[in-house]
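Colleague: Could you take me through a few places in this model, one question at a time?

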Amino acid sequence: MIYSVFIINKAGGRIYDEDFAHNRQGEEITFPTHPIPLVLSSDTGKVMVKFGASGNVKPGHSVTAVNKQPVSGLYTANDKPILDVINDPASYPLTITFGRTKASANEKLMLASIFHSLFAIAAQISPVEQSSGIKELHTEKFTLRCFQT
């Protein structure tokens with residue numbers, strides 16, 4: 001399955017991107033009492049799990065809904081800061097939905113630029129003459145392929 005496509009130029013600038021992963025499943029957890037067993041942070045413009053795990057929720061997941069109401073950035077549907085709601089013992093029991101959100105345009109640009117830099121460095125330091133750099137990068141979660149034209 002293809003999740004995302006990035007087209008970048010030789011200078012590392014993003015020309016085109018498409019994210020095909022529109023239906024990202026969320027994990028809904030009801031916390032009966034305060035505090036929750038997760039450390040959350042809001043340094044990226046969204047509330048994300050920084051440390052801890054609960055079920056399938058792990059670091060990198062972000063809050064997508066509070067009490068079944070979708071959130072926008074750092075705020076609930078009622079324009080209250082998400083972290084204030086989570087840190088208020090009067091809000092409990094509290095149902096929070098966590099999920100992997102789509103990457104922002106800035107995150108996509110950073111990913112494409114980092115990969116382009118690694119690709120260019122690998123092509124220059126390779127002991128193989130006429131090396132074309134990185135062709136594939138495999139991890140447990142994804143495979144990143146580079147098709148150079």
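Modeller: Threonine 76 is found in the loop between strand S7 (69-70) and helix H1 (82-87), where helices (H or I, at least four residues) and strands (E, at least two) are DSSP runs numbered from the N terminus. This is a predicted model, in which local features need pLDDT of at least 70 and side-chain atom pairs count only at pLDDT 80 or more, while totals for chains, interfaces and linings use all residues. Residues are numbered from 1 along each chain as its sequence is written, and side-chain values use heavy atoms, with hydrogens and water left out.

Colleague: Is threonine 76 buried or exposed?

Modeller: Buried means under 20% relative accessible area, exposed over 50%, and partly exposed in between (1.4 Å probe, protein chains only). Threonine 76 has a relative accessible area of 12%, so the word for threonine 76 is buried.

Colleague: Which side chain meets glutamate 28 in a salt bridge?

Modeller: Side chains of opposite charge can pair when their charged atoms come close. A salt bridge is a side-chain nitrogen of Lys or Arg within 4 Å of a carboxyl oxygen of Asp or Glu, and for glutamate 28 the N to O distance is 3.7 Å, to the side chain of lysine 68.

Colleague: How many residues apart in sequence are the parts that this pair ties together?

Modeller: Glutamate 28 lies in strand S3 (residues 27-31), whereas lysine 68 lies in the loop between strand S6 (62-66) and S7. The pair therefore ties together parts whose separation in sequence, in residues, is 40.
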